[in-house]
Amino acid sequence: MSATRNRIEVMHGVNLDQLGRRDPSHYGALTLEELELRISGEARDLGLAVRFFQTNHEGTFVEHLHKLAGLADGIVLNPGAWTHYSYAIRDALELTGLPAVEVHLSDVDSREAWRRHSVISELCVARMAGKGPDGYREALERLRAQLSR
């Protein structure tokens, strides 16, 4: 894989900076820092270069997506609750034109009805949910396969 097709932006949305404090039965016990260290190691093993971004501000998330042109070859994103209703994030993701994988630590499909709807899923090459931190590795593997085509 060429060095210009291995740059992955990992974006965490609202409340993900609170991992480690949130209900461990849904989100596990890792903090965001611990999760990102794990993702970094897995990305390195896969020959991918990752950068991380987290915000609790929807507009900042949108603006970050706007700036990814030329900086990333693919996106792993967990927008948190914004997944279910933020058409602003959906439109910004579409504007990137980059392959993306939607990730959720918890099994959103077996939780409250409102969590089962995603406004970004149709723009993503894959969706990982309910696999905890392993979902991020699967997302990286999926993007690596997509980028090697």
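Start by selecting Lys-131 and Glu-138: the two form a salt bridge, with their closest N and O atoms 2.7 Å apart. (A salt bridge here is a side-chain nitrogen of Lys or Arg within 4 Å of a carboxyl oxygen of Asp or Glu.) Lys-131 is partly exposed at a relative accessible area of 37%, and Glu-138 is partly exposed too, at 28%. (Buried means under 20% relative accessible area, exposed over 50%, and partly exposed in between, using a 1.4 Å probe and protein chains only.)

A few ground rules before moving on. This is a predicted model, in which local features need pLDDT of at least 70 and side-chain atom pairs count only at pLDDT 80 or more, while totals for chains, interfaces and linings use all residues. Residues are numbered from 1 along each chain as its sequence is written, and side-chain values use heavy atoms, with hydrogens and water left out.

Next, select Asp-134 and Arg-38. Their salt bridge has its closest N and O atoms 2.3 Å apart. Asp-134 sits in helix α5 (residues 134-147) and Arg-38 in helix α2 (residues 32-45), so this pair ties together parts that are 96 residues apart in sequence. (Helices, H or I with at least four residues, and strands, E with at least two, are DSSP runs numbered from the N terminus.) Asp-134 is partly exposed at 41%, and Arg-38 is partly exposed at 32%.

Now go to Arg-51 and Glu-9, whose side chains meet in a salt bridge at 2.8 Å, N to O. Arg-51 belongs to strand β2 (residues 49-54) and Glu-9 to strand β1 (residues 7-12), so the pair ties together parts that are 42 residues apart in sequence. Is Glu-9 buried or exposed? Glu-9 counts as buried, with 1% relative accessibility, whereas Arg-51 is partly exposed at 38%.

To see a network of salt bridges, select Arg-90, Asp-91, Glu-94 and Glu-122 together. The structure holds 10 salt bridges.

**Along β1**

Five of the six residues of β1 are buried. β1 pairs with β2 in the parallel sense over six bridges, and His-12 stands opposite Gln-54 in β2. (Two strands pair if DSSP finds at least two bridges between them.) Five bridges join β1 to β3, and these strands run parallel; here the bridge partner of Glu-9 is Ile-75 in β3.

**Across to β4**

Select strand β4 (residues 100-104) next. Five of its five residues are buried, so β4 is largely enclosed by the rest of the structure. Which residues cover each face? Ala-100, Glu-102 and His-104 lie on one side, with Val-101 and Val-103 on the other, and all are buried.

Strand β3 (residues 74-78) pairs with β4 in the parallel sense over three bridges, and Leu-77 has Glu-102 as its bridge partner in β4. Strand β5 (residues 126-129) also runs parallel to β4, joined by four bridges; look for Val-103 opposite Met-128 in β5.

**Thr-96 in α4**

Zoom in on Thr-96, found in helix α4 (residues 87-96). Thr-96 is buried, with a relative accessible area of 18%. A polar atom of the Thr-96 side chain lies 2.7 Å from the backbone oxygen of Leu-93, and one lies 3.1 Å from the backbone nitrogen of Leu-98. Leaving aside neighbours within four places in sequence, Thr-96 is in contact with Leu-65 and Ile-75. (Contact means heavy atoms within 4.5 Å.)

**The nonpolar cores**

Finally, select Ile-8, Leu-19, Val-76, Val-101, Val-103, Tyr-136 and Leu-140, the residues with the most contacts inside the largest nonpolar core, which has 22 residues. (A nonpolar core is a set of buried Ala, Val, Leu, Ile, Met, Phe, Trp, Tyr and Cys residues joined through side-chain atoms within 4.5 Å.) Two or more residues of this core come from each of β1, α2, β4, β5 and α5, and the largest share, five residues, comes from α5.

What is Tyr-136 in contact with, beyond its neighbours within four places in sequence? The list is Val-10, His-12, Leu-35, Ile-39, Val-76, Asn-78, Val-103 and Leu-105.

For the last stop, select Phe-53, Phe-61, Leu-65 and Ala-100, which are among the 19 residues of a second, separate core.

Definitions and conventions
Polar contact = N/O pair within 3.5 Å; in protein donor to acceptor, adjacent residues only side chain to side chain.
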